[in-house]
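Below are some notes for a colleague going through this model, arranged as numbered points. Please read them with the structure open beside you.

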Amino acid sequence: MADKKHYYYAVGRRKSAVATVRLMNGKGVLTINGVPSGEYLNNEMLSKLVVAPLELVAKHDKLDAIIRVEGGGKRGQVDAIRLGIARALVEISEDYRLSLKKAGMLTRDPREKERKKYGLKKARKAPQFSKR
């Protein structure tokens, strides 16, 4: 049992993206769907957003993260990963909750895409109206 790695698990969601995050002691390596995070995201701004919760609690070089994410676009996936990492950090220590909450990283964004209604072109866009 001593050789088994202990990890902290959490789930983050945003729109249709779902990310499962496992944090464990390590050197600060993040892998997303089996690929290094920089290679998967290939955008510096998105990479900074992903590691923001770890940097806030000064654990970005002490914890490894194995992340599985599916659904949505890149930005939705990044927000889901960020929420998952923040929730996993709270699993590690309740002391992180206050700083993460203050930074708005523990709040799930409830906005979802509105469904298309029949008789309309999109969710709210209606065909042009004409009296005659």
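1. The largest pocket has a volume of about 150 Å³. A pocket here is an open set of points on a 1 Å grid over the protein atoms alone, where a 1.4 Å probe fits, with protein on both sides within 12 Å along at least five of seven lines; the volume is the space filled by probe spheres set on the points, which are joined across faces, edges and corners.

2. This is a predicted model, in which local features need pLDDT of at least 70 and side-chain atom pairs count only at pLDDT 80 or more, while totals for chains, interfaces and linings use all residues. Residues are numbered from 1 along each chain as its sequence is written, and side-chain values use heavy atoms, with hydrogens and water left out.

3. Strand E1 (8-14) and helix H3 (74-92) are the elements that give two or more residues to the lining of the largest pocket, and H3 provides the largest share, 4 residues. Helices (H or I, at least four residues) and strands (E, at least two) are DSSP runs, numbered from the N terminus, and lining residues have an atom within 4 Å of a point.

4. Gln 77 is found in helix H3 and counts as buried, at 8% relative accessibility, where buried means under 20% relative accessible area and exposed over 50%, with partly exposed in between (1.4 Å probe, protein chains only). Beyond four places in sequence, Gln 77 touches Ala 17, Tyr 40, Val 69, Glu 70, Gly 71 and Gly 72, a contact being heavy atoms within 4.5 Å.

5. Phe 129, in the segment after helix H4 (96-102), is exposed, with a relative accessible area of 73%. Phe 129 and Pro 53 are 50 Å apart in space, C-alpha to C-alpha, and 76 residues apart in sequence.
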